[in-house]
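Hello,

Here is the structure we talked about, with the sequence alongside. My notes on what turned up follow below.

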Amino acid sequence: MSRPTGRVLTLLELLQSGGTRTVAELADRLGVEGRTVRRYVDQLIDLDVPVESVRGRYGGYRLAPGYRLPPLMLSDDEALAVLLGLVAGRRAGLTTTERTANETASAKIRRVLPRHIARRLDTLLEALAFTDQPGELDHPDAGLLLTLADAVRHRRPVSIRYTDRDGRRSERTFHAYGIVAHAGRWYVTGKDARIGEDRTFRLDRIADARTLAGSFEAPAGPGPAQRVLSGFATAEYRHEVTLRIHGTVEQIRAHLPAGVASLEEHEPAAGQDPAAGHWRRVELRAERLDWLPPVLASLDRPFVIERPDELRDLVVALADRLTSSARTPAPRTPRPTRSPPADAAWPSSPPSPTTGTASPTRPAARPSGRC
């Protein structure tokens with residue numbers, strides 16, 4: 001590409017960033033004189049790019065709405081952001097009825113990407129997984145995402161600098177199995193090589209990732225998304241809760257999703273009828289227990305609390321409050337007293353003997369004039 005052509009495309013990219021750009025600003029960014037900027041603008045107009053001139057002290061050039069979208073110039077980070085948005089939107093169901101617009105937009109962007117960028121983006125998209133809790137995703141660093149995706153695909157260890165929730169910083173050698181989007185955040189799951197245990201890290205807490213020499217074998221078993229959910233359900237918290245709930249997986253998961261609790265079939269005790277129903281053992285960990293009694297009540301299924309006793313006390317207290325509220329009669333509301341209209345007739349009751357008031361139904365007796 002010749003230098004003038006490259007500068008014309010750079011000018012288009014500057015104008016696409018929004019706002020009005022002065023001639024002096026554009027000339028400084030392009031490294032040319034003001035009259036050269038005007039010549040480049042004329043070339044864009046010849047290509048049907050809607051550039052308009054703004055007069056005045058703060059005038060310059062800006063893009064105007066046209067009959068068709070002008071050529072888009074996307075950087076690596078911008079192309080990554082657009083494709084991730086399309087993928088996340090399709091995953092969350094935020095698409096048109098037949099998903100045509102989403103798929104054609106993705107195809108157009110990928111078709112015009114340089115090969116080396118397209119390969120890296122394909123690597124990232126292959127390494128991504130989504131849980132069943134879509135949300136508005138945060139904005140991770142593009143370079144970090146691409147580095148980790150490359151490590152996932154080629155099974156290469158990475159060195160990361162991580163800050164945990166307590167603010168402690170550490171450097172770890174990590175074997176990344178996959179990148180997962182869950183409830184609006186990005187996570188990478190894999191094995192911490194130093195301690196030999198599986199870990200899940202938030203991407204916004206990773207300051208840097210660097211690919212190391214060597215390789216590793218990914219273990220068989222659950223996929224990255226399931227590993228992230230299991231990690232949340234078994235994370236270290238203040239309370240360890242074990243329940244037995246009589247119900248189907250769907251009934252239980254509607255209130256206790258995989259990111260909160262782990263589920264397994266409960267084997268009936270010796271002598272117990274296996275056909276008595278499907279009991280599931282539910283295990284979860286929580287920092288607080290006060291949210292669990294309402295959840296168990298909303299299940300509307302038989303359940304048994306194995307531990308802790310504190311949860312049993314909270315459930316009993318909730319049941320007592322509900323029972324007390326249900327048995328408390330509603331206070332009687334006094335019937336409102338209806339005042340007669342201003343033009344209504346007086347009551348037909350006889351006059352009070354103490355007041356001597358005449359009845360409105362018969363005229364009062366006239367004095368006879370006698371003493």
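Please keep in mind that this is a predicted model.

I will start with Arg21, which sits in the loop that runs between α1 (3-16) and α2 (23-30). Is Arg21 buried or exposed? Its relative accessible area is 15%, and the cut-off for buried is under 20%, so Arg21 counts as buried. Its side chain has a polar contact with the side chain of Glu25, at 2.6 Å. Setting aside neighbours within four places in sequence, Arg21 also touches Leu14, Leu15, Leu26, Arg29, Gly59, Gly60 and Tyr61.

Next, the cores. The largest nonpolar core has 34 residues, and Leu113, Leu121, Leu124, Leu148, Ile179 and Val188 have the most contacts inside it. Two or more residues each come from α4 (76-92), α6 (115-127), α7 (142-154), β4 (158-163), β5 (169-182), β6 (185-192) and β8 (206-211). The element that gives the most is α7, with eight residues. Beyond its neighbours within four places in sequence, Leu148 is in contact with Val158, Ile179, Val188, Leu203 and Ala209. Another core, of 17 residues, lies apart from this one and includes Leu256, Ala261, Leu284 and Leu311.

Last, a pair of helices. Helix α10 (residues 292-299) packs against helix α11 (residues 309-327) at an angle of about 65°, and their axes are 9 Å apart. The crossing is right-handed. On the α10 side the contact is made by Leu292, Pro293, Pro294 and Leu296, and on the α11 side by Leu311, Leu314, Val315 and Leu318. Of these contact residues, eight are nonpolar, none polar and none charged.

Regards

Methods. Residues numbered from 1 in each chain as written. Predicted model: local features only at pLDDT ≥ 70, side-chain atom pairs only at ≥ 80, totals over all residues. Heavy atoms only, no water. Core = buried A, V, L, I, M, F, W, Y, C linked by side-chain atoms within 4.5 Å. Buried < 20%, exposed > 50% of the residue type's maximum accessible area, 1.4 Å probe, protein only. Helix = DSSP H or I, 4+ residues; strand = E, 2+ residues; numbered from the N terminus. Contact = heavy atoms within 4.5 Å. Axes fitted to C-alpha atoms, helices over the stretch in contact; angles between N-to-C directions. Left-handed = near helix turned anticlockwise from the far one by under 90°. Nonpolar A, V, L, I, M, F, W, Y, C, P; charged D, E, K, R; others polar. Polar contact = N/O pair within 3.5 Å; in protein donor to acceptor, adjacent residues only side chain to side chain.
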